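Here are a few notes to read alongside the model.

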Amino acid sequence: MPVISFAPDTGVWLLSTPRTSYALRVDETGAPCHLAWGPRLTLDEARQFVTPAAPPASSFEGRAPAGEELPVDGGTRYGCPSLQVRFADGSRAFEWRPVGHRVDETSPGRSELALEFTDRVHPLRVTLHYRVHEDSDVVERWTVLRNDGDETVTLLRADSAGWTLPARDDYRLSHVTGQWAAETQLHRERLAFGETVLTSRRGVTSHHANPWVMLDAGGAGEDHGQVWSAALAWSGSWRVTVQRTPDGRAAFTGGAGHDGTALPLPPGGEFTTPAYAGLYTEGGFGAASRAWHAYTLAHVLPYPDEVRPVLYNSWEATGYDLGEDGQKALAARAAALGVELYVVDDGWFGARRSDHAGLGDWTVSPDAFANGLTPLVDEVHRLGMRFGLWVEPEMVNPDSDLYRAHPDWVLHVPGRTRSELRNQLVLNFARRDVADWAYGWLTRLVADHSIDFLKWDMNRAFSEAGWPDRADGADLLWTRYVDHLYEVIDRLRADHPGLRIESCSGGGGRVDLGILSRTDQAWPSDNTDAADRVAVQHGFSQIYPARTMATWVTDVPNQHTARSVPLRFRFHVAMAGVLGVGGDLTKWSESELAEGATLIDAYKSVRHLVQHGSQARLRGPGGDGSTCVQYTAADLSEALLLTWQRTPRYAAPLPPVRLTGLDPTARYRDAATGAVHHGAVLTGYGLLPELPSGDWASAAVHLVRIPTP
Ligand code: DGJ
């Protein structure tokens, strides 16, 4: 049971999750101060973290550089502020005045604490929110700012939360960086003293960084060590600043918006920051990832229990060359292969015969589909598959009827260049009329064509991010754009409860807990080369579960890297997430089709483990060895081992792979070979998966516990 308790004598608040505790207190100055975040504590134990207020050690110090729940700009604070405000009289700074608190333990399985404050001078209300769940060690935090005055307040920075870690000899920062077609590359490096900024200034989560961090004291591994982590639920520009302070502590603060953007808060206005969820574990990076996966399934995804279907997408097969006959031919082959969801990608609408024109004109192209989409949709449904369609609602080609009619609908600054990327401009979703227009055609499109699935794409970053109709537009649009994006998706889902959505942004440009709370899966990368994909998937798995990771088997030589790897290897890599196929099936040989059908069948018999089991990264990518990932059922009755071997050197024999988390007293049968293994041997000594010899060898080993008589 999650518990929130309070010690009135010391003012200590203690939030407890199944295995961890988070303690804080409003100090003598009225500021909310952090006390502890780590293994579970009693209230009495948490009291020990209260230290008597002491003057700074010297006139150069001021308040400790880390240690407040939401460090503000003001007083003797010189660290990175989470909250920075400018009042109408031009003054800055915020001084905490506590005004009350609320505890809500009425919802089954979850408890919430709200600590309310106001500035000592201006009527700006700041409420810090905390939520804990009975089945997760994740602590959700967010902040609500309300302007109770009669003049606009400018929020120069309004982070969701600040997190403080204890003093340690050293700290290491884990995070991902990337670029288009090379997303989620994991880095684990010593945390520098000072401030390390991770950010997106692109208006979208971005390929280049992802809004999560993990910190450890330098010694954690996949299966051991203290790890503190946090992930921001936001799909626009964001900034996370990680600090290592001279007193040996570490801290991070994060929220919506990048440096230089501000948010106007009019009289009576309220801003609710996105949630910034934090997690502490002693089980290393593997346990941290599993806890994030379980949290995402239990508390983020809209339909967590669903098994995601095997998908076919025609993008790599056809590009913009779409037509009813060709699509029907692909659909027939996909259905025969065992595909359950058929998705038509870009090029079905307007004058979209290439990426130069038509984006924004969302009517079925008579050139591509002379009879409309309905005959294809009906055929896909007749073949027993669901029908999916690609859309990119936030964008427009200047060569489109939409842009000719509404040139003012795009982000722009009068008199300045409208920079095109991929020949397109960004529609200003912050505008009410643009968001309503998008919702209108989307809901009609879904209804008129019995669409089961949308691939929602977004293919460029913001530039010339202006909104000339509003004086405060250039500041406001960064958050309002995302609010309206979320609202359009939410309205669409409410209209069509059966609709499922994939989040795509030229690959993995929009993967975060915010978009995942209203979509069903995400496209991690346009790079479908299975060899590269192993590393991309490794980075993706640090926070996001396999249940959300769409993966396709495509043709070789790969369109992006020109590399050729065997079909079996491609399938085994794609089986690590939500399996899809993206090759040109009309060119697959009979034997390739037969092998594909067998492997899809095999995936269907293990996908409950991949999508809903617990994941252990037994060996990471890199080096000459094999990469191994295990997925295990909650009751330990089954496990799947996926292993991928790049290019072995010197014909060196592979070492056995030690499995984890199986029942050591049980025996497990290999579902394919019938070989029987003792759980104690699998976990204590390891398994030697049978791999074909040579480069790009792979295996999927499905182990099923033998019932004891
Ligand atoms: C980018 C996506 O990531 C691709 O999969 C494809 O949908 C193209 N856009 C289509 O333009």
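1. Start with a charge and a ring: the charged end of arginine 188 sits over the ring of phenylalanine 285, 3.4 Å from its centre. "Over" here asks for NZ of Lys or CZ of Arg within 6 Å of the ring centre and within 35 degrees of the ring normal. Arginine 141 does likewise with tryptophan 163, its charged end 4.8 Å from the ring centre.

2. A word on the source: this is a predicted model, where local features need pLDDT of at least 70, side-chain atom pairs count only at pLDDT 80 or more, and totals for chains, interfaces and linings use all residues. Residues are numbered from 1 along each chain as its sequence is written, and side-chain values use heavy atoms, leaving out hydrogens and water.

3. Now the rings. There are 29 aromatic pairs, meaning rings of Phe, Tyr and Trp (its six-membered ring) with centres within 6.5 Å; planes under 30 degrees apart are stacked, over 60 edge-to-face, the rest tilted. Tryptophan 362 and tryptophan 390 have centres 6.2 Å apart and planes at 45 degrees, so they form a tilted pair. Ring pairs also link these two into a cluster that includes Trp348 and Phe349.

4. Are those two tryptophans buried or exposed? Tryptophan 362 is buried at 9% relative accessible area, and tryptophan 390 is buried at 1%. Buried means under 20%, exposed over 50%, and partly exposed in between (1.4 Å probe, protein chains only).

5. Last, the ligand. One of its oxygen atoms is 2.3 Å from an N or O atom in the side chain of aspartate 526, while for lysine 455 a polar side-chain atom lies 2.7 Å from a ligand oxygen.

Notes. A polar contact is a pair of N or O atoms within 3.5 Å; within protein, one must be able to donate a hydrogen and the other to accept it, and residues adjacent in sequence count only if both atoms are side-chain atoms.
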